[in-house]
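Hi,

Here is the structure I promised to pass on. Have a look at it first, and then read my notes below.

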Amino acid sequence: MTRSRSKDGVQEMALAKTYRAMQATRPGVLELVERQTPEPGAGEVLLRVEACGICGADASTIDGQQFLRVPGHEVVGRIAAVGAGTPALWRVGQRVGVGRLGGHCNACDQCRRGQFQLCGNQPFVGTSQDGGYAEMMVARSTGLVAIPDALGSEEAAPLLCAGIATFNALKKSGAQAGDLVAIQGIGGLGHLAVQYARKMGFKVVAIGRGADIANDVLGLGAHTYVDSAQEDAVARLHEMGGAQVVMTTISDSAAASALLPALAPQGTLLVVGVGKAPLTVSPGPLVVGERLVQGTITGTPFEAEKTLDFSVLANVLPRIETLPLERAGEAFARMKSGEAKFRMVLTMTEGR
(Lines give C-alpha, C1' and ligand atoms only; values in the text may rest on other atoms or scores of the structure.)
Protein backbone atom coordinates (compact mmCIF):
# COMPACT_ATOMS: atom_id res chain seq x y z
CA MET A 1 0.00 0.00 0.00
CA THR A 2 1.19 3.52 -0.76
CA ARG A 3 0.68 6.47 1.52
CA SER A 4 -0.49 9.85 0.28
CA ARG A 5 -2.21 13.03 1.39
CA SER A 6 -5.18 14.41 -0.53
CA LYS A 7 -5.93 18.08 -1.05
CA ASP A 8 -8.53 18.23 1.72
CA GLY A 9 -6.08 16.98 4.35
CA VAL A 10 -7.24 13.35 4.38
CA GLN A 11 -4.30 10.98 4.79
CA GLU A 12 -4.85 7.60 3.17
CA MET A 13 -3.57 4.39 1.60
CA ALA A 14 -4.48 3.36 -1.92
CA LEU A 15 -7.98 1.94 -1.47
CA ALA A 16 -10.32 -0.24 -3.48
CA LYS A 17 -13.54 1.44 -4.58
CA THR A 18 -15.73 -1.13 -2.84
CA TYR A 19 -15.63 -3.47 0.13
CA ARG A 20 -17.65 -6.44 1.40
CA ALA A 21 -19.88 -6.33 4.46
CA MET A 22 -22.42 -8.56 6.20
CA GLN A 23 -25.54 -6.57 6.97
CA ALA A 24 -28.74 -7.47 8.80
CA THR A 25 -31.55 -7.55 6.22
CA ARG A 26 -34.38 -9.08 8.25
CA PRO A 27 -34.66 -10.72 11.69
CA GLY A 28 -31.94 -13.33 12.09
CA VAL A 29 -30.57 -12.92 8.55
CA LEU A 30 -27.16 -11.58 7.54
CA GLU A 31 -26.53 -10.84 3.86
CA LEU A 32 -23.18 -10.37 2.11
CA VAL A 33 -23.22 -7.07 0.21
CA GLU A 34 -20.80 -4.86 -1.71
CA ARG A 35 -20.59 -1.23 -0.60
CA GLN A 36 -18.79 1.87 -1.78
CA THR A 37 -15.65 2.61 0.23
CA PRO A 38 -16.35 5.73 2.32
CA GLU A 39 -14.04 8.59 3.19
CA PRO A 40 -13.53 9.44 6.86
CA GLY A 41 -14.88 12.77 8.03
CA ALA A 42 -13.26 15.26 10.36
CA GLY A 43 -11.90 13.51 13.45
CA GLU A 44 -12.54 10.07 11.95
CA VAL A 45 -10.47 7.25 10.51
CA LEU A 46 -11.22 4.51 8.01
CA LEU A 47 -10.20 1.05 9.20
CA ARG A 48 -9.24 -1.92 7.07
CA VAL A 49 -10.71 -4.58 9.36
CA GLU A 50 -8.65 -7.66 10.16
CA ALA A 51 -10.85 -9.35 12.78
CA CYS A 52 -14.17 -8.82 14.53
CA GLY A 53 -15.45 -10.73 17.53
CA ILE A 54 -19.07 -11.84 17.80
CA CYS A 55 -20.85 -10.79 21.00
CA GLY A 56 -24.25 -11.70 22.38
CA ALA A 57 -25.18 -8.02 22.19
CA ASP A 58 -24.99 -8.28 18.39
CA ALA A 59 -28.43 -9.88 18.60
CA SER A 60 -29.93 -6.43 19.18
CA THR A 61 -29.02 -5.68 15.56
CA ILE A 62 -29.29 -9.09 13.90
CA ASP A 63 -32.50 -10.24 15.60
CA GLY A 64 -33.89 -6.76 16.23
CA GLN A 65 -34.94 -3.83 14.10
CA GLN A 66 -31.58 -2.48 12.91
CA PHE A 67 -32.02 -3.59 9.31
CA LEU A 68 -29.36 -2.77 6.70
CA ARG A 69 -27.01 -2.19 9.64
CA VAL A 70 -23.60 -3.91 9.82
CA PRO A 71 -23.17 -5.49 13.29
CA GLY A 72 -19.99 -6.02 15.27
CA HIS A 73 -18.24 -4.07 18.02
CA GLU A 74 -15.05 -6.03 18.77
CA VAL A 75 -13.10 -4.65 15.84
CA VAL A 76 -9.37 -4.75 15.11
CA GLY A 77 -7.80 -3.43 11.93
CA ARG A 78 -5.31 -1.03 10.42
CA ILE A 79 -5.92 2.62 9.71
CA ALA A 80 -6.37 3.02 5.97
CA ALA A 81 -7.26 6.73 5.91
CA VAL A 82 -7.23 9.57 8.42
CA GLY A 83 -9.74 12.40 8.27
CA ALA A 84 -8.84 16.05 8.66
CA GLY A 85 -8.36 17.23 12.23
CA THR A 86 -7.59 13.78 13.60
CA PRO A 87 -4.84 13.88 16.26
CA ALA A 88 -1.35 12.95 15.03
CA LEU A 89 -1.40 10.08 17.55
CA TRP A 90 -3.23 8.06 14.88
CA ARG A 91 -1.45 7.31 11.62
CA VAL A 92 -2.02 5.34 8.44
CA GLY A 93 -0.97 1.70 8.79
CA GLN A 94 -1.31 1.65 12.59
CA ARG A 95 -3.15 -1.31 14.10
CA VAL A 96 -6.02 -0.19 16.32
CA GLY A 97 -9.29 -1.43 17.74
CA VAL A 98 -12.77 -0.16 18.49
CA GLY A 99 -15.14 -1.55 21.11
CA ARG A 100 -18.81 -1.07 21.92
CA LEU A 101 -18.42 2.64 22.69
CA GLY A 102 -17.70 4.37 19.42
CA GLY A 103 -15.94 7.51 20.65
CA HIS A 104 -16.85 10.29 23.08
CA CYS A 105 -17.78 13.82 22.04
CA ASN A 106 -15.47 15.78 24.39
CA ALA A 107 -18.24 18.37 24.89
CA CYS A 108 -21.05 16.99 27.09
CA ASP A 109 -21.17 17.26 30.89
CA GLN A 110 -19.92 13.70 31.35
CA CYS A 111 -16.93 14.28 29.08
CA ARG A 112 -16.11 17.53 30.86
CA ARG A 113 -16.00 15.51 34.10
CA GLY A 114 -13.65 13.00 32.47
CA GLN A 115 -16.33 10.27 32.48
CA PHE A 116 -15.84 9.49 28.81
CA GLN A 117 -17.45 6.06 29.07
CA LEU A 118 -20.71 7.78 30.06
CA CYS A 119 -20.74 10.25 27.16
CA GLY A 120 -24.30 10.54 25.92
CA ASN A 121 -23.29 11.60 22.42
CA GLN A 122 -21.19 8.66 21.33
CA PRO A 123 -22.36 5.94 18.94
CA PHE A 124 -22.77 2.30 19.88
CA VAL A 125 -20.73 0.45 17.30
CA GLY A 126 -22.75 -2.08 15.34
CA THR A 127 -26.04 -0.60 16.55
CA SER A 128 -26.26 3.14 15.97
CA GLN A 129 -23.41 3.04 13.45
CA ASP A 130 -22.07 0.32 11.16
CA GLY A 131 -19.69 -2.09 12.83
CA GLY A 132 -16.98 -4.60 12.05
CA TYR A 133 -18.68 -7.44 10.17
CA ALA A 134 -17.03 -5.83 7.17
CA GLU A 135 -13.73 -5.30 5.40
CA MET A 136 -13.84 -1.53 6.05
CA MET A 137 -15.30 0.61 8.83
CA VAL A 138 -15.36 4.30 9.72
CA ALA A 139 -14.63 5.14 13.37
CA ARG A 140 -14.32 8.24 15.53
CA SER A 141 -10.72 8.80 16.56
CA THR A 142 -11.81 9.31 20.19
CA GLY A 143 -12.91 5.66 20.28
CA LEU A 144 -9.64 4.17 19.03
CA VAL A 145 -7.55 1.73 21.08
CA ALA A 146 -3.89 1.01 20.30
CA ILE A 147 -3.25 -2.75 19.94
CA PRO A 148 -0.01 -4.19 21.43
CA ASP A 149 2.28 -6.03 19.02
CA ALA A 150 2.20 -9.06 21.35
CA LEU A 151 -1.49 -9.69 20.58
CA GLY A 152 -2.78 -11.09 17.31
CA SER A 153 -5.79 -9.34 15.83
CA GLU A 154 -8.05 -12.36 16.38
CA GLU A 155 -6.97 -12.58 20.04
CA ALA A 156 -7.28 -8.85 20.66
CA ALA A 157 -10.79 -8.43 19.20
CA PRO A 158 -12.81 -10.08 22.02
CA LEU A 159 -10.79 -8.19 24.63
CA LEU A 160 -12.28 -4.90 23.34
CA CYS A 161 -15.71 -5.84 24.75
CA ALA A 162 -15.77 -9.10 26.69
CA GLY A 163 -12.29 -8.41 28.05
CA ILE A 164 -12.65 -4.82 29.19
CA ALA A 165 -16.21 -5.42 30.45
CA THR A 166 -15.03 -8.07 32.90
CA PHE A 167 -11.56 -6.72 33.73
CA ASN A 168 -12.80 -3.21 34.41
CA ALA A 169 -15.73 -4.48 36.46
CA LEU A 170 -13.43 -6.51 38.70
CA LYS A 171 -11.11 -3.51 39.12
CA LYS A 172 -14.04 -1.35 40.23
CA SER A 173 -15.68 -3.99 42.43
CA GLY A 174 -13.75 -3.21 45.60
CA ALA A 175 -12.66 -6.83 46.02
CA GLN A 176 -9.22 -7.37 47.53
CA ALA A 177 -6.68 -10.10 46.84
CA GLY A 178 -7.78 -13.25 48.65
CA ASP A 179 -11.50 -12.38 48.56
CA LEU A 180 -14.03 -14.87 47.23
CA VAL A 181 -15.29 -13.84 43.81
CA ALA A 182 -17.97 -15.83 41.99
CA ILE A 183 -18.43 -15.67 38.21
CA GLN A 184 -21.88 -16.62 36.94
CA GLY A 185 -21.94 -17.78 33.33
CA ILE A 186 -18.92 -19.31 31.60
CA GLY A 187 -19.30 -18.09 28.04
CA GLY A 188 -17.68 -15.35 26.00
CA LEU A 189 -17.49 -12.96 28.96
CA GLY A 190 -17.30 -15.43 31.82
CA HIS A 191 -14.33 -17.41 30.54
CA LEU A 192 -12.30 -14.19 30.50
CA ALA A 193 -13.66 -13.08 33.88
CA VAL A 194 -12.45 -16.34 35.45
CA GLN A 195 -8.95 -15.80 34.07
CA TYR A 196 -8.76 -12.16 35.16
CA ALA A 197 -10.10 -12.95 38.63
CA ARG A 198 -7.50 -15.68 39.15
CA LYS A 199 -4.66 -13.45 37.93
CA MET A 200 -5.83 -10.64 40.25
CA GLY A 201 -5.43 -12.93 43.25
CA PHE A 202 -9.06 -13.71 44.07
CA LYS A 203 -10.45 -17.04 45.23
CA VAL A 204 -12.51 -17.87 42.15
CA VAL A 205 -15.75 -19.82 42.05
CA ALA A 206 -17.25 -20.35 38.59
CA ILE A 207 -20.99 -21.01 38.35
CA GLY A 208 -22.32 -22.62 35.19
CA ARG A 209 -24.71 -25.27 33.94
CA GLY A 210 -23.58 -28.77 33.06
CA ALA A 211 -20.70 -31.04 34.03
CA ASP A 212 -19.29 -30.99 30.50
CA ILE A 213 -17.44 -27.70 31.03
CA ALA A 214 -16.01 -28.49 34.48
CA ASN A 215 -12.52 -29.36 33.22
CA ASP A 216 -12.45 -26.33 30.92
CA VAL A 217 -13.42 -24.01 33.76
CA LEU A 218 -10.80 -25.37 36.14
CA GLY A 219 -8.26 -25.10 33.34
CA LEU A 220 -9.12 -21.41 32.99
CA GLY A 221 -8.17 -20.85 36.61
CA ALA A 222 -11.27 -21.35 38.75
CA HIS A 223 -10.59 -22.85 42.18
CA THR A 224 -14.09 -24.34 42.32
CA TYR A 225 -16.78 -25.10 39.75
CA VAL A 226 -20.44 -25.17 40.79
CA ASP A 227 -22.89 -26.82 38.39
CA SER A 228 -26.09 -24.92 39.15
CA ALA A 229 -28.12 -27.58 37.36
CA GLN A 230 -27.11 -30.07 40.06
CA GLU A 231 -26.18 -27.97 43.10
CA ASP A 232 -27.53 -25.06 45.11
CA ALA A 233 -25.05 -22.32 44.23
CA VAL A 234 -26.18 -20.08 47.10
CA ALA A 235 -25.67 -22.86 49.64
CA ARG A 236 -22.21 -23.67 48.26
CA LEU A 237 -21.12 -20.04 48.46
CA HIS A 238 -22.49 -19.76 52.00
CA GLU A 239 -20.38 -22.79 52.98
CA MET A 240 -17.33 -20.83 51.80
CA GLY A 241 -18.27 -17.75 53.83
CA GLY A 242 -20.18 -15.85 51.16
CA ALA A 243 -18.91 -14.05 48.09
CA GLN A 244 -17.47 -10.56 48.28
CA VAL A 245 -18.42 -10.19 44.62
CA VAL A 246 -20.78 -12.12 42.40
CA MET A 247 -20.24 -11.10 38.79
CA THR A 248 -23.12 -12.13 36.58
CA THR A 249 -22.30 -12.28 32.87
CA ILE A 250 -25.58 -13.81 31.71
CA SER A 251 -28.81 -12.29 30.39
CA ASP A 252 -31.07 -14.38 32.66
CA SER A 253 -32.15 -11.73 35.18
CA ALA A 254 -34.00 -14.22 37.37
CA ALA A 255 -30.92 -16.45 37.73
CA ALA A 256 -28.76 -13.40 38.45
CA SER A 257 -31.18 -12.12 41.11
CA ALA A 258 -31.20 -15.52 42.80
CA LEU A 259 -27.53 -15.16 43.72
CA LEU A 260 -28.00 -11.99 45.79
CA PRO A 261 -28.35 -14.01 49.05
CA ALA A 262 -24.93 -15.59 48.32
CA LEU A 263 -23.16 -12.31 49.00
CA ALA A 264 -21.18 -11.73 52.16
CA PRO A 265 -22.05 -8.58 54.15
CA GLN A 266 -21.03 -5.51 52.13
CA GLY A 267 -20.71 -7.74 49.08
CA THR A 268 -21.59 -6.63 45.57
CA LEU A 269 -23.74 -8.18 42.86
CA LEU A 270 -21.85 -6.94 39.80
CA VAL A 271 -24.05 -6.89 36.70
CA VAL A 272 -22.20 -7.19 33.39
CA GLY A 273 -24.68 -9.25 31.37
CA VAL A 274 -27.72 -7.33 30.19
CA GLY A 275 -31.06 -9.12 30.31
CA LYS A 276 -34.39 -7.76 29.10
CA ALA A 277 -36.29 -8.70 32.25
CA PRO A 278 -35.88 -6.62 35.43
CA LEU A 279 -33.76 -7.81 38.32
CA THR A 280 -35.77 -8.87 41.36
CA VAL A 281 -34.13 -7.58 44.51
CA SER A 282 -35.46 -7.88 48.04
CA PRO A 283 -34.53 -4.79 50.07
CA GLY A 284 -34.01 -6.77 53.28
CA PRO A 285 -30.63 -8.37 52.42
CA LEU A 286 -29.46 -5.07 50.91
CA VAL A 287 -30.20 -3.10 54.07
CA VAL A 288 -29.26 -5.65 56.72
CA GLY A 289 -25.98 -6.66 55.06
CA GLU A 290 -25.20 -3.33 53.37
CA ARG A 291 -25.00 -5.20 50.08
CA LEU A 292 -24.81 -3.51 46.69
CA VAL A 293 -26.12 -4.09 43.19
CA GLN A 294 -23.84 -2.39 40.68
CA GLY A 295 -23.83 -2.17 36.89
CA THR A 296 -20.69 -1.45 34.89
CA ILE A 297 -20.22 -0.42 31.27
CA THR A 298 -17.16 -1.46 29.27
CA GLY A 299 -14.85 1.55 29.66
CA THR A 300 -12.83 4.25 27.95
CA PRO A 301 -10.22 3.64 25.24
CA PHE A 302 -7.52 4.29 27.86
CA GLU A 303 -9.05 1.61 30.10
CA ALA A 304 -9.23 -0.72 27.10
CA GLU A 305 -5.51 -0.25 26.52
CA LYS A 306 -4.86 -1.08 30.19
CA THR A 307 -6.96 -4.22 29.73
CA LEU A 308 -4.84 -5.27 26.75
CA ASP A 309 -1.61 -4.51 28.63
CA PHE A 310 -2.72 -6.61 31.62
CA SER A 311 -3.82 -9.41 29.28
CA VAL A 312 -0.33 -9.54 27.78
CA LEU A 313 1.37 -9.27 31.17
CA ALA A 314 -0.75 -11.99 32.81
CA ASN A 315 -1.22 -14.14 29.69
CA VAL A 316 -5.01 -13.82 29.73
CA LEU A 317 -6.28 -14.72 26.27
CA PRO A 318 -9.72 -15.48 24.87
CA ARG A 319 -10.42 -19.01 23.71
CA ILE A 320 -11.66 -18.45 20.17
CA GLU A 321 -12.99 -20.15 17.08
CA THR A 322 -12.59 -18.30 13.78
CA LEU A 323 -14.66 -18.21 10.60
CA PRO A 324 -14.34 -15.99 7.51
CA LEU A 325 -16.52 -12.91 7.06
CA GLU A 326 -18.90 -14.55 4.59
CA ARG A 327 -19.80 -17.19 7.22
CA ALA A 328 -20.88 -14.59 9.78
CA GLY A 329 -24.40 -16.01 9.97
CA GLU A 330 -23.04 -19.42 10.88
CA ALA A 331 -20.66 -17.91 13.43
CA PHE A 332 -23.45 -15.89 15.05
CA ALA A 333 -25.70 -18.97 15.26
CA ARG A 334 -22.90 -20.96 16.88
CA MET A 335 -22.36 -18.22 19.47
CA LYS A 336 -26.07 -17.88 20.16
CA SER A 337 -26.53 -21.64 20.64
CA GLY A 338 -23.81 -21.77 23.28
CA GLU A 339 -21.81 -24.31 21.28
CA ALA A 340 -18.79 -22.02 20.80
CA LYS A 341 -15.85 -22.42 23.17
CA PHE A 342 -15.79 -19.62 24.00
CA ARG A 343 -15.80 -16.73 21.51
CA MET A 344 -16.40 -16.60 17.76
CA VAL A 345 -14.21 -14.26 15.70
CA LEU A 346 -14.64 -13.28 12.06
CA THR A 347 -11.53 -12.90 9.92
CA MET A 348 -11.15 -10.91 6.71
CA THR A 349 -9.50 -12.18 3.51
CA GLU A 350 -6.60 -10.03 2.38
CA GLY A 351 -5.82 -9.19 -1.21
CA ARG A 352 -8.99 -10.34 -2.94
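This is a predicted model: local features need pLDDT of at least 70, side-chain atom pairs count only at pLDDT 80 or more; totals for chains, interfaces and linings use all residues.

The relative accessibility of valine 287 is 62%, and because the cut-off for exposed is over 50%, valine 287 counts as exposed.

As background, nonpolar side chains in soluble globular proteins tend to be buried together. On to the interior, then. The largest nonpolar core here has 45 residues, and those with the most contacts inside it are Leu170, Ile183, Ile186, Val194, Phe202 and Met247. At least two core residues come from each of H3, strand E10 (180-184), H4, strand E11 (203-208), helix H5 (214-220), strand E13 (243-248) and helix H9 (301-314). The biggest contributor is H3, with ten residues. There is also a second, separate core of 40 residues, which includes Leu30, Ile54, Ile62 and Leu325.

Leaving aside residues up to four places away in sequence, methionine 247 touches Thr166, Ala169, Leu170, Ala182, Ile183, Gln184, Ala193, Leu270 and Val272.

Helix H3 (residues 153-172) packs on helix H4 (residues 190-199) at an angle of about 45°, and their axes are 9 Å apart. That angle makes H3 oblique to H4, and the crossing is right-handed. On the H3 side, the contact is formed by Pro158, Leu159, Ala162, Gly163, Thr166, Phe167 and Leu170; on the H4 side, by Leu192, Ala193, Tyr196 and Ala197. Sorted by type, the residues of this contact are nine nonpolar, two polar and no charged.

How much of H4 is buried? Eight of its ten residues are, so H4 is largely enclosed by the rest of the structure. The buried ones are Gly190, His191, Leu192, Ala193, Val194, Gln195, Tyr196 and Ala197. Their packing partners are H3, E10, E11, H5, E13 and H9. One backbone detail to finish: just after H4, glycine 201 has a positive phi of about 95°.

Cheers

Definitions and conventions: Residues are numbered from 1 along each chain as its sequence is written. Side-chain values use heavy atoms; hydrogens and water are left out. Axes are lines fitted to C-alpha atoms, for helices over the stretch in contact, and angles run from 0 to 180 degrees between N-to-C directions. Helices (H or I, at least four residues) and strands (E, at least two) are DSSP runs, numbered from the N terminus. Angles under 35 degrees count as roughly parallel, over 145 as roughly antiparallel, 65 to 115 as roughly perpendicular and the rest as oblique. A crossing is left-handed if the near helix is turned anticlockwise from the far one by less than a right angle, and right-handed if clockwise. Contact means heavy atoms within 4.5 Å. Ala, Val, Leu, Ile, Met, Phe, Trp, Tyr, Cys and Pro count as nonpolar, Asp, Glu, Lys and Arg as charged, and the others, Gly among them, as polar. A nonpolar core is a set of buried Ala, Val, Leu, Ile, Met, Phe, Trp, Tyr and Cys residues joined through side-chain atoms within 4.5 Å. Buried means under 20% relative accessible area, exposed over 50%, partly exposed in between (1.4 Å probe, protein chains only).
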